[in-house]
Amino acid sequence: MARTIIPIGPYHPLQEEPSFFTLTVEGERVVAVDVELGYNHRGIEKLSERKTFDQSTFLVERICGICSTSHPFAYTRAVEDIISLEVPQRAKYIRTIIAEGERIHSHLLWLGLAGHFLGYNTVYMWAWKLREEVLDAMEVLSGNRNNYAMFKPGGVRRDIKASDIPGVIKKIDSIIPTLVMLKKAVMDDPVLGARTKGIGILTKEDAINYAALGPTSRASGVARDVRKDCPYGAYDRVNWEMIVTQNGDVFDKLVVRVLETFESVKIIKHCLLNLPNGEIDAKIKNIPPGEGIGHIEAPRGEAFHYVRSDGTNRPVRHKMRAPTFMNLPTYKATVIGQTISDATIIFAAIDPCYSCTERMTVRNTKGKKLYNGEDLIRLSQEKTAKIKSKLGVK
Amino acid sequence: MEREKVLADIQERFKADIVDFFDKSPARAYVEIKPSSLVKISSYIFKDLGARFGIASGLDARTQMEILYHFICEDINLVISLRVKLDKSKLEIDSLVPIFKAADWIEREIYEMLGINFKGHPDLRKFLLPEDWPKGVYPLRADYKEWDDKAIRDRGA
């Protein structure tokens, strides 16, 4: 059968990691995939070598707009690791609260987009409306809806006022009924099931081989979560469950994220109600020569930072690795053999940016344009409509 | 296996390959090894110990190049970092891609940023830098200088 090359990309800077995919298809089936990165490479690792340890915290906060706390969290832990410093308890709790708030809104954002790609714009609207509540709560806690600037090596920059806590708990609690409704809507819906079950399966072996992270690996039965395995912050003081499912398809990734949102609500509430008193900053004076590693569980998986100091006030080397760096290659294993109309949701399932899906074009071998990104989302939505009419669902 | 046993076992098993062993803190251990032993030790840590490959980080330490391979043993909450030092006259090391695919992208990145060649990598080509980036210019090397004074990307902070 004739082969068709589909270039997808390169660029949509709305979310992190713009990338360019080239799909080769035979008819409807994807037979080969190639990924090209670098369209938004900003040289932050190099830049960080020219910043002081304090300034780098704000630099790495700007790696990603959605999980803006994960990188400062990993970075400050790496700096603290150089001097084997334990931050004060209160700072640990505040860090945990901010990180989990971010997880909730990041997962909701993903859920909304996944709904949109599948032709469920109601899910999209509900999830994003819900996300607003969380962002409001974060604004009360940190002063910002995103890019909270709460972290510094040694602790946190701002305290949480006792008078703010009841209001924030009320806000966080208010999302639960809608979240339960959304959970039922996505987990019990036969059409959504038909679109996502058995699609884009990442096997456990592949997840380990590609060292996949976060919900992407936990949906494949790999029970790994930095929060549980290498406890940091206040995670070892809260009773929460690690969500692991076995099938590795798009549906399981969806389930993991939805259920994790409930756990995050639980963690935030526990931390707010049991916030210990005391200092919020260990007041680091200077960083001696040495090297440190900091890794934390970001919404998409582990963020990893390595910092080396030579005794000056700047890092000589600062390596940062975002979770998508490990998760993106897995899609070579998941998308082959699938159809183009499912490709959109498989790209989206690892929760990268939706640059990949927004800017897709399908070309045949002569370079004639067949579809663009919108068409592909439409293809995906039409497939849902077909299944709906077959099942007799409105 | 417990943490102490794992570390003692690695030291015993690869006695001839280990140059230096630094037990930094309860959750961190740095093991400097001979570059020629990298594949052997990594494959033991990844396959037999069941550790996850976190990432590798290359760096120009002026007198030589260093690569650290970070493995995370979740069962015992330990990050084992294998350190290899490469002589600047021969920047070459064995690729880890034949053992696990997770090493694919990071080796391409180090190749591009520091100019270290990975023997046996199936697909060592342009990764992050622009297409018009000149050959032989490695931005993360200590002696890196701006090659295009008109380019904003080189000016940094």
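Me: Which residues of α5(A) and α6(A) meet?

Reply: From α5(A), A:E133, A:D136, A:A137, A:V140 and A:L141 meet A:G167, A:V168, A:K171, A:I172 and A:S174 of α6(A), where contact is taken as C-beta atoms, placed from the backbone, lying within 7 Å. Sorted by class, the contact of these helices has 5 nonpolar, 2 polar and 3 charged residues; Ala, Val, Leu, Ile, Met, Phe, Trp, Tyr, Cys and Pro count as nonpolar, Asp, Glu, Lys and Arg as charged, and the others, Gly among them, as polar. This is a predicted model, in which local features need pLDDT of at least 70 and side-chain atom pairs count only at pLDDT 80 or more, while totals for chains, interfaces and linings use all residues. Residues are numbered from 1 along each chain as its sequence is written, and chains are lettered from A and ligands numbered from 1 in the order in which they are written.

Me: At what angle do the axes of α5 and α6 cross?

Reply: The axes of α5 (residues 121-142) and α6 (residues 165-174) of chain A cross at roughly 165 degrees and come within 9 Å. That makes α5(A) roughly antiparallel to α6(A), a label for angles over 145 degrees, with under 35 counted as roughly parallel, 65 to 115 as roughly perpendicular and the rest as oblique. Axes here are lines fitted to C-alpha atoms, for helices over the stretch in contact, and angles run from 0 to 180 degrees between N-to-C directions. Helices (H or I, at least four residues) and strands (E, at least two) are DSSP runs numbered from the N terminus.

Me: Left-handed or right-handed crossing?

Reply: The crossing of α5(A) and α6(A) is left-handed, that is, the near helix is turned anticlockwise from the far one by less than a right angle, clockwise being right-handed.

Me: Back to A:E133 for a second, what is it in contact with beyond its sequence neighbours?

Reply: Leaving aside neighbours within four places in sequence, A:E133 is in contact with A:K171, A:S174 and A:I175.

Me: Switching to chain B, in what order do the strands of the open sheet run?

Reply: The 5 strands follow the order β1-β2-β5-β4-β3, with mixed pairing, two strands being paired if DSSP finds at least two bridges between them. At the edges are β1 (18-25) and β3 (52-60) of chain B, each of which pairs on one side only, and the twist averages 20 degrees from one strand to the next.

Me: How many bridges join β2 to β5 there?

Reply: In chain B, 6 bridges join β2 (residues 28-33) to β5 (residues 78-87), and these strands run parallel; B:I33 stands opposite B:V84 in β5(B).

Me: Which strands does α2 of chain B touch?

Reply: Helix α2 (residues 38-48) of chain B packs on the sheet against β2, β3, β4 (64-73) and β5, its direction making about 170 degrees with that of β5(B). Helix α3 (residues 103-114) of chain B also packs on the sheet, touching β3 and β4, and its direction makes about 5 degrees with that of β3(B).

Me: How many helices and strands does chain B have?

Reply: Chain B has 3 helices and 7 strands, and buried residues make up 34% of its 157 residues.

Note on methods: Two residues are in contact if their C-beta atoms, placed from the backbone, lie within 7 Å. A residue is buried if 20 or more other C-beta atoms lie within 10 Å of its own, exposed if 12 or fewer, and partly exposed in between; C-beta atoms are placed from the backbone.
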